[in-house]
Amino acid sequence: MLKIFFGSGILLFVCLNCFAQTKKPNVIVIYADDLGYGDLSCYGATKLHTPNVDQLAKEGIRFTNAHATSSTCTPSRYALMTGQYPWRKQGTGILPGDAALIIPTEKTTLPSLFRKAGYQTGIVGKWHLGLGEQVEKNWNGEVKPGPNETGFDYSFIFPATADRVPTVFLENHNVVALDKSDPIEVNYKEKVGNDPTGLEHPELLKLKSSPGQGHNQTIVNGIGRIGYMSGGHTARWTDEELSLTFLTKAKQFIRDNSKHPFFLYFTLTEPHVPRMPATMFKDKSGLGLRGDAILQLDWTIGELTKQIASLGLTGNTIIIFTSDNGPVLDDGYQDGAVTQLHGHTPWGPFRGGKYSIFEAGTRIPWIISWPGKIKPGVSTAMVCQVDMIQSFAHLLKQTIPDGDAPDSENMWTALTGKSQKGRSILIEHGNVLSIVQNNWKYIEPGKGPKLFGPVNIESGIDEQPQLYDLEEDPGEKNNLAAQHPEKVRELAGLLQEIRNK
Ligand code: NG6
Ligand code: CA
């Protein structure tokens with residue numbers, strides 16, 4: 001009797017074990033907005049402490065040569081979703097809040113790949129890839145196509161950036177908490193409705209707009225925005241609650257799908273402008289509202305991981321934490337980011353920042369954790385967000401049809417730390433392109449300002465070719481183009497070849 005009992009117990013154990021082995025892992029991609037390489041203490045920040053993200057890094061792999069495709073948001077997000085370099089496609093630059101959807105609905109996307117593999121897919125947070133078929137759209141009915149038509153079963157988003165109208169959430173196809181008797185109208189060309197603008201009424205602003213940057217159109221919650229909007233008063237978000245709203249929805253999605261494999265794309269708004277964190281974070285960092293917003297981001301990660309643990313999902317959940325482009329201090333508001341920097345270096349050891357073709361434009365933090373499955377450590381492999389789609393296709397044993405995700409490479413062995421070898425070639429994208437191979441970086445010549453004045457960031461644009469040895473000179477201080485004309489020719493040729501593919 002006892003024997004039979006033990007025998008079946010072992011069998012049960014073995015079966016359970018098989019089940020656990022074959023269970024598809026949940027995947028959460030956390031995408032910060034404008035968070036720099038040097039903004040986290042696990043990446044060397046000393047003026048700011050980010051214990052929750054640091055914990056992820058401690059349990060996972062921290063990449064030191066990871067990239068967004070581009071030094072701004074929309075193109076990087078386009079690449080992450082589609083596996084195509086954004087500079088191949090017109091109209092993938094920073095979008096206004098009323099733009100039409102730019103993600104093709106008939107091609108493989110990162111979420112549609114997961115969906116095909118049997119996952120529940122959701123996005124919570126910033127979208128910034130356009131909505132609807134055209135600019136002129138009715139925000140008061142179903143707004144589509146959007147995330148739900150590009151692979152997400154569930155979406156809770158805001159359309160563009162926190163500094164652009166409409167300042168509302170959409171859940172699936174509809175604006176949340178909209179009073180139909182107060183319809184929303186959005187216009188990026190001329191003023192609509194009677195709400196005051198920052199230009200006419202600067203005295204109403206609780207966060208001062210920076211001169212010459214254009215954040216002085218419709219005022220919502222005492223903050224001047226880009227673009228004009230009227231109506232939708234009950235639907236307008238409260239900036240201090242933005243992040244908590246996203247966290248709550250993300251946690252809800254995880255809870256609702258805890259018995260089913262899920263893919264969650266959690267796109268945070270921090271530390272993008274306007275930085276207006278919850279009251280409990282204000283003044284916490286000593287570095288102004290930008291630092292406070294990063295502390296809020298870090299707290300959010302802590303809350304999320306706590307919930308995953310409480311649901312018993314830690315060992316079966318892959319978390320990737322990364323950012324869409326490099327850092328910027330004054331991106332339109334006088335919020336203390338410049339005046340209270342106190343020696344903090346958001347760009348880490350790199351040159352440039354958001355908008356720039358220098359390294360700090362696209363070199364971003366990237367952490368992957370999968371407790372029990374991925375051995376913790378640090379990786380110097382060169383990886384790029386455009387590679388997520390092929391890498392996850394590998395994990396999910398899915399094939400991507402020819403022609404889809406054309407620039408994506410399977411980096412799964414690098415991402416899981418089994419190899420230190422990542423991409424051999426990467427194209428970086430600012431106002432011009434650059435190419436990196438074997439630590440050589442060539443920046444193509446271009447025309448434009450050397451300094452993006454209002455944001456005070458070096459553009460990296462030069463009419464002369466630039467060549468840097470990133471191994472010896474990560475700060476891109478010594479242009480070696482004159483010393484190595486053959487390298488310049490070789491990389492310029494290679495860049496041209498890839499561009500014409
Ligand atoms: C810029 C905005 C900036 C920010 C950025 C988008 C001006 C002068 N500046 O055009 O404030 O909104 O677009 O940031 O309008 S991103 O991270 O979404 O790319
Ligand atoms: Ca961004």
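**Exercise 1. Find which atoms of Lys 126, Arg 164 and His 215 approach ligand 1, and at what distances.**

Step 1. From Lys 126, a polar side-chain atom comes to 3.1 Å from an oxygen atom of ligand 1. A polar contact is a pair of N or O atoms within 3.5 Å. The model is predicted: local features need pLDDT of at least 70 and side-chain atom pairs 80 or more, while totals for chains, interfaces and linings use all residues. Residues are numbered from 1 along each chain as its sequence is written, chains are lettered from A and ligands numbered from 1 in the order written, and side-chain values use heavy atoms, without hydrogens and water.

Step 2. For Arg 164, a side-chain N or O atom is 2.7 Å from an oxygen atom of ligand 1. For His 215, the corresponding distance is 2.8 Å.

Step 3. Ligand 1 taken alone exposes 450 Å², of which the protein buries 83% (Shrake-Rupley accessible area, 1.4 Å probe).

**Exercise 2. Describe how the calcium ion (ligand 2) is coordinated.**

Step 1. Donors are N, O and S atoms within 2.8 Å of the metal, or 3.2 Å for Na, K and Ca; water is not among the atoms, so sites may look incomplete.

Step 2. The arrangement is irregular because the six donor atoms subtend angles of 51 to 173 degrees (six count as octahedral if opposite donors are over 155 degrees apart and all others between 65 and 115).

Step 3. Asp 34 and Asn 325 are both buried (under 20% relative accessible area, 1.4 Å probe, protein chains only).

Conventions:
A polar contact is a pair of N or O atoms within 3.5 Å; within protein, one must be able to donate a hydrogen and the other to accept it, and residues adjacent in sequence count only if both atoms are side-chain atoms. Four donors count as tetrahedral if all angles lie between 85 and 135 degrees; four count as square planar and six as octahedral if opposite donors are over 155 degrees apart and all others between 65 and 115; anything else is irregular. Buried means under 20% relative accessible area, exposed over 50%, partly exposed in between (1.4 Å probe, protein chains only).
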